[in-house]
Every structure is written in C-alpha cells, then in structure tokens.
Amino acid sequence: MLKNKKDITGPSRTGGKINKKPMRPDTDSGLVRLNKFIANSGVCSRREADTFISTGLVKVNGKVVTELGVKVNPAKDEIRFNGERLKGEKKVYILMNKPKDCVTTLSDPHADKTVMDLISREKCPERVYPVGRLDKATTGVLLFTNDGAMADSLIHPSRQVKKIYHVFLDKNLKKPDFDSILKGVTLEDGPIAADSLSYVDDDKSQVGLEIHSGRNRIVRRIFESLGYRVKKLDRVYFAGLTKKNLRRGEWRFLTDAEINLLKMGAVK
C-alpha cells in the first residue's frame, strides 16, 4: 500500500490517471520510502531511483507512481521497475582490483569490457553496482554493492571518504609543484588540495597521494594543471579497503568485519 502526504496521481503508459488512494497514517509499520526500496533491490542508488520514479518507470500495485516521497510496504505491495518485479535482495558487498581498459558502468554498448563482466553471476546472483567510478585507464580498489543507502553515504561529499592513489608521472615531480599540490591548485571547477603527498621509494616520478575529494578525474587533473602527464594511476585504498591479496581483475566478498566498519561509518 502507498503512503504520502498527498494523494498520488501520475500518467499511466496509456495516458490515463492513477486512482487516488487514501493516505496511510504515519504510525503504520513496515513502510519504507519507495526510492530506498528500489535502491535496496540492487537496481541503482537512491538518487537514481528518484529519477526513475519521476520519469514513470516505477509501478506500485499496477499503478505508475511519479511522485517522490511515496512509502510502500514491501511485504504487501507489488513494486515493479521497468516491468520487472523487485524484491528485497540479500545485501552483498564486493571488493575488486579493477584492471586497466575496463569501463566502470553497468553497461556500455561501445565498451569492449565493463567491470560488471568480471563478476560471476554464478557466484553473485544478486545485482550489484559500482560505488563511485574509476575511469577506464585507472586501476585498483573498487567497491560494489546492492546496498543503496551505503553507496549513497560513501559517495556523498560530506562523508569525506579517504582515497589513496599511486601515481606514475611522465617526469620527476619538482619540489615547487609538490608543495603546490599540498597547498592547493585551482582547477576549472574550483580549488583542490591533497591531504598528503610523498615520493615512492625515492623515485620522484612516482608519488603516493591521499585525497578525500570525489570530483571527476581529480587526480589526473591536478597533475595536468601543473604540466605533468599521468602515465599510470592505481587506487590502493578506499574507505579502509585495500587490494591486498587480490590480483588485477579479481574480486572477493567483504568480510563481516569490513562490512560493519563501513556501516558504522568508522572508516574514512
């Protein structure tokens, strides 16, 4: 059954209107927001679910719902996304050591391979999706889950999740540029500074960079702004997770301890 502050109306695929249904009192038990239920079913994040709802791709008990904020009862209501019935799936958390030349997306007809192609449906029948993105050429730690609430939390700017990258440059990083990265450089979308920076094994063309920002291609753009080309970029740490004992292209399920740390928000 549906619950919202307003009666629910919206266009059906045939152009009709949804019958108005009575509001459900706030004291009803077992109700969850529709976008949360969709996210927890492994389809997408909550933000993406709102988009799908507003564009008319979601039906509850045979009626198209386009209004945000609707609540449903998963035990009683039939919720369908794009015609497919959704069920609350078991929460799954996967860590991958992403290989190069692999696109971080659910599907891409123009890509030879996506990260989803690496996850065995036999071992993981649940639908998971990547948390955040690594560009095609970037390798390293990538998290997957069907827990929409956790995914939203980890990528939200306020969470300030810690990330560490191993950066390979086309030339030695000069000391003035090293200092500038720590003080902050100005990019087209605003200033940015690394949280920490260090040379790797006395090789000044390799650095380890710690940053909390999730802005698009931020590490590459920092160095490009100072005249360097990033030859190779490897994320070695994300939210307390590392790629230890995972060869390139391999993945594993998170341990209970790792999941609990992520849920408690104890890891930055």
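Me: What is the accessible surface of the chain, and which part belongs to carbon and sulfur atoms?

Reply: Accessible areas come from the Shrake-Rupley method with a 1.4 Å probe, and for residues only the protein chains shown count as cover. Here the chain has about 14,200 Å² of accessible surface, 49% of it belonging to carbon and sulfur atoms. The model is predicted: local features need pLDDT of at least 70, side-chain atom pairs count only at pLDDT 80 or more, and totals for chains, interfaces and linings use all residues. Residues are numbered from 1 along each chain as its sequence is written, and side-chain values use heavy atoms, with hydrogens and water left out.

Me: How many helices and strands does the chain have?

Reply: Helices (H or I, at least four residues) and strands (E, at least two) are DSSP runs, numbered from the N terminus. This chain has 6 helices and 17 strands.

Me: Which sense does the pairing of β9 and β15 take, parallel or antiparallel?

Reply: Two strands pair if DSSP finds at least two bridges between them. Strand β9 (residues 139-145) pairs with β15 (residues 230-238) in the parallel sense, over 2 bridges; Gly-140 has Arg-235 of β15 as its bridge partner. Strand β10 (residues 163-169) runs antiparallel to β15, joined by 7 bridges, and Phe-168 is bridged to Lys-232.

Me: What do β15 and β16 form?

Reply: They form a hairpin with 2 residues between them, and Ala-239 in the turn has a positive phi of about 50 degrees. Strand β16 (residues 241-242) is antiparallel to β15, with 2 bridges; Leu-241 is the bridge partner of Phe-238.
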